[in-house]
Structure formats: C-alpha cells, structure tokens
Amino acid sequence: RYPVSMRCVFRRVVLGGFALMLGVLLAATRLYAADAPTLVALRVSSAPDDDVTPVLWADKNGLFRQAGLAITLSRAGNGAAVAAAVVGGALDIGKSSMLPIVLAHARNIPLTIVAPGGLHYSPLESGILVARDSAVRSARDLEGKIVSVPALNDLQWLSMHAWIDMNGGNSKLVSFVEQPGTSVGIALDAGRIAAGTLANPVFGQDMATGRYRNIGQPLDGIAKRFMISAWFANADFVAKNGDAVRKFGEIMNRAEAYVSAHHDETAELIANYSGVE
C-alpha cells in the first residue's frame, strides 16, 4: 500500500508515459503518410479481346502500383466506343484497333499511341465463322448475305471488305451489321446472320463447339503481318501526365513480352475478364 500522494505520482507517471507513446505513434503515422507515394489514377478500358491480357497480368502482379500508378480497368463493347470515350475525356487510356486511331489522326483529333497492342500474324487469332451446315464456303457466297462485325467502320469491317474483294467476291453486295463477338454464335444459330467475324478468346471457344466452320482470316485482306491494335490517349493528357504515360508504356512492353511467352499461364486472366471459359 502506498500513501495517496504516492499513488497520485504513479498515476501521473503512467498517464504521462501513455501520452508520450501516443504522441510518438501519431508523429510516426503522420511522417509515414507524408512519405508514402501518391498513386496516379488512370482510367483504362478495352474490349475483352486477348490483347488486353498484358494489362491484366501487370495489374495482378503489382507492376502498376510499384510504378506509382493505380489503374481502373473497365470493359467496353468495341474499340470505337473506347476511342469515343478517350476523345470525350471519360477515359485516360484506351485500347482499340488501329483504325479509330488512324481515322482520328486524319480528322485532326489529337490521339497519341502510348503502347503497342496486338500483332496480326497467325490464322488462329480470329476468323469468319459460318454454321457447320451452311452453304457459304467462299467470299463470293457472302454476296447478298448479312455478315456481322464488332463495329461498323472498324478494322474488322474494313478488312472484311478487302478480304471479300481479294477472294473473288464483291463487298458492295454484302450487308454488314454490328454484333458483339460473344453473341455471334447465337446469331448464327438463329439464322440472323450468314457469317460473323470475331477474335480470340471467343473465336476459339465457338470453334471448339464443333457447330461452326471458319472460312477465312479477314485481317489477311490488309496484310499478313501488322500491328492491329494499340493503347492510346489524348495528346493533351499525355502532355500533362507524361511521366505516368511513360511508365504505363514501359510496363506494357514488359508485360506483353511475358504474356506472349506464357499463354497457358495467363489464359485464366483473359477468361475471367471476358467471361469466356
């Protein structure tokens, strides 16, 4: 037992110690918060095609965060919608086929490529699907028929015109409609279209069912090998956020090299993003 005066002293010492510890912790917290890097937020979007896989891999493995970037990735129906959103300021960086970027340049719309996307070089990356029992077997057989593309005036639309004309048909006699890749099989089954263009991963999934045939590679109508897509931003955004854009491009180069060499390992990423098994 201690006298009341001694107990008061002990109480003051203990309370003072707690106050000192609390002060140290608060100061450390403020110091850490001041030193912690502020992440640059980037709104990014792409249609669920296979060439979005590098972004998914880089984000999963923390490459963007390590570089001081925090990306928010959203799905789009097609590249034309992505380009419109970038031009309108709703997105910071988007991916589309090269055609919307080329058309924007021709119309003096200031879009800037910040990283490469997909490269066309393989007959297995996309195709022109028809029903297994369809009478359509050539480009000429498409005359007078309805053919779907992901978006009118996009790269698939342009390449289909070139492919039909190059292979003995007349593209002016073909009617084109917009159809998302995920519903091309449904439209073929219902007889709403005679043929549909689509890319991986949906192309591979539909072919695996055995219900469809592939009659050609539309992109060959342009060239056997060329860059078919790219990541881009508004020139004004690039000018104001040059460091963040440069880091994004460097990460994409690294991620694309890894993903291209590890298809099996990264297939689950695009499967989850696209909803394709």
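Let me start with strand 6, residues 126–131, and its partner, strand 10. The two pair in the antiparallel sense, over three bridges. As a reminder, strands of a sheet pair through backbone hydrogen bonds, either parallel or antiparallel. At one of these positions, A131 has Y212 of strand 10 as its bridge partner. Please keep in mind that this is a predicted model.

Y212 lies in strand 10. Is Y212 buried or exposed? Its relative accessibility is 1%, and the cut-off for buried is under 20%, so Y212 counts as buried. Along the chain, Y212 and V130 are 82 residues apart, yet their C-alpha atoms are separated by 5.6 Å. Leaving aside neighbours within four places in sequence, the contacts of Y212 include L129, V130, A131 and R132, and also G185, L188, D189, D206 and M207. One goes to the side chain of D189, at 3.0 Å. Another goes to the side chain of R211, at 2.9 Å.

Next, strand 7, residues 146–149, where S148 is found. S148 has a relative accessible area of 0%, so it is buried. With neighbours within four places in sequence left aside, S148 is in contact with V177, Q179, V184, I193, A195, G196 and T197.

On to the nonpolar cores. The largest has 27 residues, and those touching the most other members are L42, F64, I93, W231 and F248. Which elements give two or more residues to this core? They are strand 1 (40–46), helix 2 (53–60), helix 3 (63–66), strand 2 (69–75), strand 4, strand 12, helix 10 (242–261) and helix 11 (263–274). Helix 10 gives the most, with seven residues. Another core lies apart from this one; it has 14 residues, and among them are I128, V136, V149 and M160.

Back to I93, in the largest core. Beyond its neighbours within four places in sequence, I93 is in contact with L42, R43, V44, S45, V86, V114, W231, F232, A233 and F248.

Then helix 5, residues 98–106. Its buried residues are M98, L99, P100, I101 and A104. What covers these buried residues? The cover includes helix 4 (79–88), strand 3 (93–97), strand 4 (111–116), helix 6 (155–166), strand 11 (226–227) and strand 12 (229–234). Just after helix 5 comes N108, which takes a positive phi of about 65°.

Last, confidence. The mean pLDDT of the protein chain is 87, and 87% of its residues reach 70 or more. Where pLDDT is low, the predicted coordinates should not be read in detail. That is the end of my part.

Conventions:
Residues are numbered from 1 along each chain as its sequence is written. This is a predicted model: local features need pLDDT of at least 70, side-chain atom pairs count only at pLDDT 80 or more; totals for chains, interfaces and linings use all residues. Side-chain values use heavy atoms; hydrogens and water are left out. Two strands pair if DSSP finds at least two bridges between them. Helices (H or I, at least four residues) and strands (E, at least two) are DSSP runs, numbered from the N terminus. Buried means under 20% relative accessible area, exposed over 50%, partly exposed in between (1.4 Å probe, protein chains only). Contact means heavy atoms within 4.5 Å. A polar contact is a pair of N or O atoms within 3.5 Å; within protein, one must be able to donate a hydrogen and the other to accept it, and residues adjacent in sequence count only if both atoms are side-chain atoms. A nonpolar core is a set of buried Ala, Val, Leu, Ile, Met, Phe, Trp, Tyr and Cys residues joined through side-chain atoms within 4.5 Å. pLDDT is the predictor's confidence in each residue, from 0 to 100.
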